[in-house]
Amino acid sequence: MKVLVTGVKGQLGYDVVKDLEKRGHQPIGVDRDEMDLMDNEAIRTFIMNLKPEAIIHCAAYTAVDKAEEEVETCYQINAEAVKVISECAKELDVKLIYISTDYVFDGTKEGEYVETDLPNPINVYGASKLKGEQYVQTLLEKYYIVRISWVFGVNGNNFIKTMRRLGSERDELNIINDQVGSPTYTADLAPLLVDMMETDKYGIYHATNEETCSWYEFANEIFKQSGIEVKTNPITTDQYPTAAKRPMNSRMSKAKLKANGFNLLPTWQEALAHYLKLI
């Protein structure tokens with residue numbers, strides 16, 4: 001199957017292309033050089049010329065704090081470009097997988113978010129991703145919206161790389177301990193996305209590695225598994241102000257994945273161990 005994968009230079013797109021190749025599909029990986037998400041006409045021309053048999057849309061504007069200033073750019077990439085991609089998928093009658101985020105929720109719920117919970121984003125990034133979700137749902141029937149959180153992969157920057165660098169440079173670190181969620185390893189997520197593409201079990205899904213933690217707990221496990229000795233202090237969100245508000249609770253239920261016969265991802269601790277061996 002000829003599959004268009006956007007964001008091939010990012011963490012997830014890179015791993016999705018690798019998994020598609022492994023299974024004998026024909027991935028066409030693109031980044032902004034080949035298909036600029038700021039240019040709706042260019043998106044349309046590229047997709048309609050390519051005529052893919054499925055689209056896995058991993059590319060996004062993900063600079064959460066910067067988005068509070070670059071509102072138009074963020075909405076163009078995360079919403080308007082998604083509208084164009086969805087229109088093309090509809091015309092070509094092909095499946096679309098759209099990668100979304102825990103940031104569509106406000107983080108005030110007790111317990112895990114399920115797919116049917118009402119989104120209520122509290123920052124520009126989350127609102128733009130929700131708008132993208134709404135375009136996909138309005139325009140298409142053959143779609144998968146996959147919400148993920150706390151992403152890490154080999155390609156690109158992430159929390160693990162930052163912590164390992166800071167842990168090696170400093171004696172002491174303050175890390176937020178009152179935001180809770182689940183890390184998502186792109187090498188674990190990619191095979192799940194390809195599994196989905198090979199079925200017609202459409203809809204919204206939550207997909208992260210199993211088990212939850214705070215950023216503080218995540219950081220401590222990174223240092224432990226990396227053999228880095230550094231003093232860590234748990235702090236609260238209000239002690240570390242950022243331009244964009246973050247949801248305090250990003251726990252998402254994966255019961256729907258299980259109910260539809262998809263494999264759950266390994267625990268985030270296992271994922272971290274596999275990742276650290278690679279890097």
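How many residues of β4 are buried, and is the strand enclosed or open? Seven of the seven are buried, so β4 is largely enclosed by the rest of the structure. Buried here means under 20% relative accessible area, exposed means over 50%, and partly exposed falls in between, using a 1.4 Å probe and protein chains only. Strands are DSSP runs of E with at least two residues, helices are runs of H or I with at least four, and both are numbered from the N terminus.

A word on the model itself. It is predicted, so local features need pLDDT of at least 70 and side-chain atom pairs count only at pLDDT 80 or more, whereas totals for chains, interfaces and linings use all residues. Residues are numbered from 1 along each chain as its sequence is written, and side-chain values use heavy atoms, with hydrogens and water left out.

UniProt, in an unreviewed entry, puts the feature "domain: RmlD-like substrate binding" at residues 1–277. UniProt positions follow the numbering used here, feature names are shortened, and annotations may be inferred rather than shown by experiment.

Alanine 54 has lysine 95 of β4 as its bridge partner. To get from β3 to β4, the chain passes through helix α3 (residues 71–92), a right-handed β-α-β crossover. Right-handed means that, with the strands pointing away from the viewer, the path from the first strand over the helix to the second runs clockwise.

Histidine 57 turns up again, this time opposite tyrosine 98 in β4. Beyond that, β4 runs parallel to strand β5 (residues 143–148), and six bridges join the two. Serine 100 pairs with arginine 147 of β5. The chain goes from β4 through α4 to β5, and this β-α-β crossover is right-handed.

The loop between β4 (95–101) and α4 (124–139) holds aspartate 117. Its side chain makes a polar contact of 2.6 Å with the side chain of lysine 109. A polar contact is a pair of N or O atoms within 3.5 Å; within protein, one must be able to donate a hydrogen and the other to accept it, and residues adjacent in sequence count only if both atoms are side-chain atoms. The aspartate 117 side chain also reaches the backbone nitrogen of valine 114 at 2.8 Å. Apart from neighbours within four places in sequence, aspartate 117 is in contact (heavy atoms within 4.5 Å) with Phe105, Lys109 and Glu112.

Most residues other than glycine have a negative phi. Lysine 51, though not a glycine, has a positive phi of about 50°. Lysine 51 lies in the loop between α2 (40–50) and β3 and counts as exposed at 52% relative accessibility. Aspartate 93, also not a glycine, has a positive phi of about 55°. Aspartate 93 sits in the loop between α3 and β4 and is exposed, with a relative accessible area of 51%.

Lysine 22, in helix α1 (residues 11–22), is exposed at 70% relative accessibility. Lysine 22 and proline 191 are 169 residues apart in sequence, yet their C-alpha atoms are 9.9 Å apart in space.

As for the cysteines, the structure holds zero disulfides, a disulfide being a pair of cysteine sulfur atoms within 2.5 Å. The sulfur closest to that of cysteine 74 belongs to cysteine 58, and at 17 Å it is too far for a bond. Cysteine 74 is buried at 0% relative accessibility, and cysteine 213 is buried at 1%.

Note on methods: Pairing = 2+ DSSP bridges.
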